[in-house]
Structure formats: structure tokens, C-alpha cells
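Please look through the sequence and the structure shown here before reading on. The report that follows goes through a few local features, one after another.

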Amino acid sequence: MSHHAFPLVRRPCAALLALALLTGLAGCKDKPATDTAAAEPAAAPNLADAARPAAMAEQAKEAARAQLPKGDPNTPAGSYLDIDSGNQIMFAYLSIAGMPIDYNEVAGNYSRDYTATSDEFKKNDLLKALKTKIDAGVAQAAGQRYVKLEVADSVGKYDFDKKGFPLDSSVWEKGSYRYFNDNGGYKIGFNNGAQFRYLSVPEEDKARVIEGLRSKYEAMRTVVYGYVQDADVSKKVVLAQILKIELTDKNGNILATQTVQ
């Protein structure tokens, strides 16, 4: 499951870019380790701190992220590819990472038969067939950057100060990702997750309905609509821009929507 990271699964960062079981695969999240020594109050930042290599490197990353291509939040919902498998994340990664494809490695993640075969001739025959499927998957991903996935963890209890519902940390926390158990070697994260720490619902009547469902453990779906921007080749992570998040009830009725600013 998660270390902490669209469950996104069969029904859950290239330079820089995750679902409960629906079809037998679990969507998971991957969370960065917490530094327990950070309990003491941090000293106020100063010019010396800002000039440190780590701070300068992070500033450079932020500047690079700001230059990445951005999606159109007005894109119709029907134009988004529903991500429910780690293989789809893998294809998205390969399509945007700009790295030569290691077919042997990819086939090992993609096909259990390929991994289990010890006969080298049979393995070579399988690889020839798998190359066609892999190339097709990568080509599709290259032409389909708009994706959506479900975060089954849904929302937390209503926050009156924020006038919204906290979302799962795999959506907003830096260094957290979503992945699928059918191919957990590739993950998806979000470049602008900080904007979506809370699902804003300022209207009290709408918030009451959602809180009523949440408090009774009624099924709700949190759907993240994103645009694939980049990839972190050091971690095999697809990096996407969140364009919109929708919360729906079990019948698909939209309870709340938040769009990128």
C-alpha cells in the first residue's frame, strides 16, 4: 500500500511531474519520510540561508516548473484519459521523459509472462510482441496529456477556518505520489498540489451535505483532473498540473468543484 503518495487502480516526476480496489488492484500513495528532529522551531530565514546551494537548487526547480506547458482548465471532462493502471503511468512517463526506452526493463514491469519465462528464445519472442504494444501505449500517452484519476481516500472532516475539506496528502504534499499495484515502479505526482490542500466549499448548505455524508461513511469519489507536464527521471515519477478536482456522491452527482487558479 502506501508509504505515502490518481487508490488511482484497475479500479488508489523528463526533468520534473497518485486508488481502493475496483478490479482487484489497490491504488496506493507514497509519502516522504518525516524528519523527527524538526520538532524544534525553525530559525527565521535570512540572506545567508537563501544563498545556500540547497535553497538555490530549489529556487531553480521552481523557476523551471513555472516554465512548463500548462493545460486548459476548460477542457471537457470527456477529453481526459481515465488512469486506472500503473501501466498507463509508465507509458505517460516514457512519453515525456525523453529517454531511450529500455524494452527489456519495461517488458519486465509490463508482462508477468515475460518476467516468469526462463527460456531465452521464448523470452525474445515475447519481447518482439511486447515492443509493439509498448510503442503503441507510449504513442497514445504522448497524444493524450489530459488525465484523470480517483483518490478513494476522499476528504477529511470540514475545517471551519479554511471553509473546506482537507484532501489526501498524496494530492498536495511535496514529495508524495500515487501509484497502482499492478505496476508500482512508476508513480504520478502533482506540481501545483499546494493549491489543493483543501477542497474549498464556502457555501454552508453544500458543506453540510458533504459533511453529513462523510460523517456517515457514505461513499464519495474525489476525481483529480490533471495535465501531464514533466517527469522526474531519478524517481520514475510523472509530474502533472492539477486543473480541477471534483467530489461526487456514489451516484455521480457533483457535490463540489475546485478549479486551478
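## A tyrosine in helix α5

Tyrosine 114 is found in helix α5, which covers residues 112–116; helices here are DSSP runs of H or I with at least four residues, strands are runs of E with at least two, and both are numbered from the N terminus. This is a predicted model, in which local features need pLDDT of at least 70 and side-chain atom pairs count only at pLDDT 80 or more, while totals for chains, interfaces and linings use all residues. Residues are numbered from 1 along each chain as its sequence is written, and side-chain values use heavy atoms, with hydrogens and water left out.

Because its relative accessibility is 5%, tyrosine 114 counts as buried (buried means under 20% relative accessible area, exposed over 50%, and partly exposed in between, with a 1.4 Å probe and protein chains only). Leaving aside residues up to four places away in sequence, tyrosine 114 touches Asn104, Ala107, Gly108, Lys123, Leu126, Leu127 and Leu130, where contact means heavy atoms within 4.5 Å. Tyrosine 114 and leucine 127 are 13 residues apart in sequence, and their C-alpha atoms are 7.4 Å apart in space.

## Helix α3 and its partners

Helix α3 (residues 86–97) packs against helix α4 (residues 103–110) at an angle of about 160°, with the axes 10 Å apart. That makes α3 roughly antiparallel to α4. Axes are lines fitted to C-alpha atoms, for helices over the stretch in contact, and angles run from 0 to 180 degrees between N-to-C directions; angles under 35 degrees count as roughly parallel, over 145 as roughly antiparallel, 65 to 115 as roughly perpendicular and the rest as oblique. In this contact Asn87, Met90, Phe91 and Leu94 of α3 meet Val106, Asn109 and Tyr110 of α4. Sorted by class, the contact of α3 with α4 has five nonpolar, two polar and no charged residues (Ala, Val, Leu, Ile, Met, Phe, Trp, Tyr, Cys and Pro count as nonpolar, Asp, Glu, Lys and Arg as charged, and the others, Gly among them, as polar).

With helix α6 (residues 120–142), the axis of α3 comes within 8 Å and crosses at roughly 75°, and α3 and α6 are therefore roughly perpendicular to each other. Here Phe91, Ala92, Leu94 and Ser95 of α3 meet Lys133, Ile134, Gly137, Val138, Ala141 and Ala142 of α6. By class, the contact of α3 with α6 has seven nonpolar, two polar and one charged residues.

## Aromatic pairs

The structure holds seven aromatic pairs; rings of Phe, Tyr and Trp (its six-membered ring) pair if their centres lie within 6.5 Å, and planes under 30 degrees apart count as stacked, over 60 as edge-to-face and the rest as tilted. In one of them, the rings of tyrosine 80 and tyrosine 146 have their centres 5.4 Å apart and their planes at 80°, so the pair is edge-to-face. Tyrosine 80 lies in the loop between α2 (53–66) and β2 (81–82) and tyrosine 146 in strand β3, so the pair ties together parts that are 66 residues apart in sequence. Both tyrosine 80 and tyrosine 146 are buried, and ring pairs link Tyr80, Tyr146, Tyr225 and Tyr227 into a cluster.

## A lysine with positive phi

Most residues other than glycine have a negative phi. Lysine 163, however, has a positive phi near 55°, and lysine 163 is found in the loop between β3 (146–151) and β4 (164–166). Because its relative accessibility is 45%, lysine 163 counts as partly exposed.
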